[in-house]
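Hi everyone, thanks for coming. Please open the sequence and the model side by side, and follow along as I walk through a few spots.

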Amino acid sequence: GAVMKDGKIDNETSGPDGVLFTGTEIWAGDGDSTIKVIDPATQKTTATISTGGKTRLDEMAVDSKDHAFIGVNNAEDPPYATVVSTKPDHALIGKIVFPTATDGAEQPAYNPDDGLFYMSIPEFDKDPKKGGVAVIDPRTGTLVKVLPVENCHPAGLAFGPNGNFVLGCNADGKQMPAATSIMNARTGAVVAVVPGIGGADMVNYNAKNGQYYTASRGNPGGPVLGVIDAARNTLVQTIPITGGAPHSVASSEATGHVFVPVGAVGGGDGTIHVFAPAS
């Protein structure tokens, strides 16, 4: 639950945070630097795994092929990621610390093309314009390389077609142009910079629709859901979000519907905005 500090909710030590389904279990990050493993059949916590920090375990991804989980302690200084086996022993595979990351570490994703984890690093050496994508081997829990990315300050990361992935660029038109970067995992190159949509946190790819989605709460002019054609890497539309600032976005491969949770403003309940692709 929420932890208070000086009369306000302290996100860095509150939970639950990230959550994913491994196929048989639910793995959830908590505010005390632990992973809670839950059996959905009994709805009981079957294991608690510590990642050794004092703040929340937030973003996460899973590699079902190699039975590996990665979770990110984004609020530690310096931030780090932990790779843990999803087998019953829950063995620690490795810990990757990012000593030069000066604004946390963000969303990891699994790339089935090369069997590696990719993870956003918003900022290196206190330069908001210089970030990167860390590439991590799930089998050894070690850092393979870092792909540099400039003028993005990346948060979310989601894989799409052609070996490409979209970054949720926090670039909001103030320190750097409001745009979204799309990179290629094989070459490490930025293959497109999509103008007109920035200030994003989490991102999503939907193969049924062939589109990337950005939760662009910091977009100039107000919060929007960004829609990008993933084949052409071009902006399709920006949909204004009223009532709050979107932090995350998800979609259904079954229906093509897109879900944007929107927090409450000035009290009251939050809502989930649901969008359907045009027929």
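Let's begin with Asp229, which is buried, at a relative accessible area of 15%. When I say buried, I mean under 20% relative accessible area; exposed is over 50%, and partly exposed is in between, using a 1.4 Å probe and protein chains only. Asp229 has a salt-bridge partner, Arg232, and their closest N and O atoms are 2.9 Å apart. Is Arg232 buried or exposed? With 63% relative accessibility, Arg232 counts as exposed. For a salt bridge, a side-chain nitrogen of Lys or Arg has to be within 4 Å of a carboxyl oxygen of Asp or Glu. The general idea is that side chains of opposite charge can pair when their charged atoms come close.

A word on where this comes from. The model is predicted, so local features need pLDDT of at least 70 and side-chain atom pairs count only at pLDDT 80 or more, while totals for chains, interfaces and linings use all residues. Residues are numbered from 1 along each chain as its sequence is written, and side-chain values use heavy atoms, with hydrogens and water left out.

Back to the charges. How many salt bridges does the structure hold? There are ten. One of them pairs the side chains of Asp30 and Lys36, at 2.8 Å from N to O. Asp30 is buried, with 18% relative accessible area. Another pairs Asp201 with Arg217, at 3.3 Å from N to O. Asp201 sits in the loop between β18 (190-195) and β19 (203-206), and Arg217 in the loop between β20 (211-216) and β21 (224-229), so this pair ties together parts that are 16 residues apart in sequence. Asp201 is buried, at 7% relative accessible area, whereas Arg217 is partly exposed, at 41%.

Now find strand β11 (residues 108-111), where Asn111 is located. Asn111 counts as buried, at 3% relative accessibility. Its side chain makes a polar contact of 3.2 Å with the side chain of Asp114. A polar contact is a pair of N or O atoms within 3.5 Å; within protein, one must be able to donate a hydrogen and the other to accept it, and residues adjacent in sequence count only if both atoms are side-chain atoms. Leaving out residues up to four places away in sequence, Asn111 touches Leu116, Tyr118, Phe159 and Ala185. Touching, or contact, means heavy atoms within 4.5 Å.

Strand β9 holds Thr82, which is buried too, at 4% relative accessibility. Not counting residues up to four places away in sequence, the contacts of Thr82 include Thr51, Phe69 and Leu92.

Last, some backbone details. Where is Pro78? Pro78 is in the loop between β8 (68-73) and β9 (80-85), and a cis peptide bond joins Asp77 to Pro78, with omega about 0°. Gln43 is not a glycine, yet its phi is positive, about 60°. Look for Gln43 in the loop between β5 (34-39) and β6 (44-50); at 70% relative accessibility, Gln43 counts as exposed. Asn151 also has a positive phi, about 55°, although it is not a glycine. Asn151 is in the loop between β14 (142-150) and β15 (154-159), and counts as partly exposed at 35% relative accessibility.

Notes:
Helix = DSSP H or I, 4+ residues; strand = E, 2+ residues; numbered from the N terminus.
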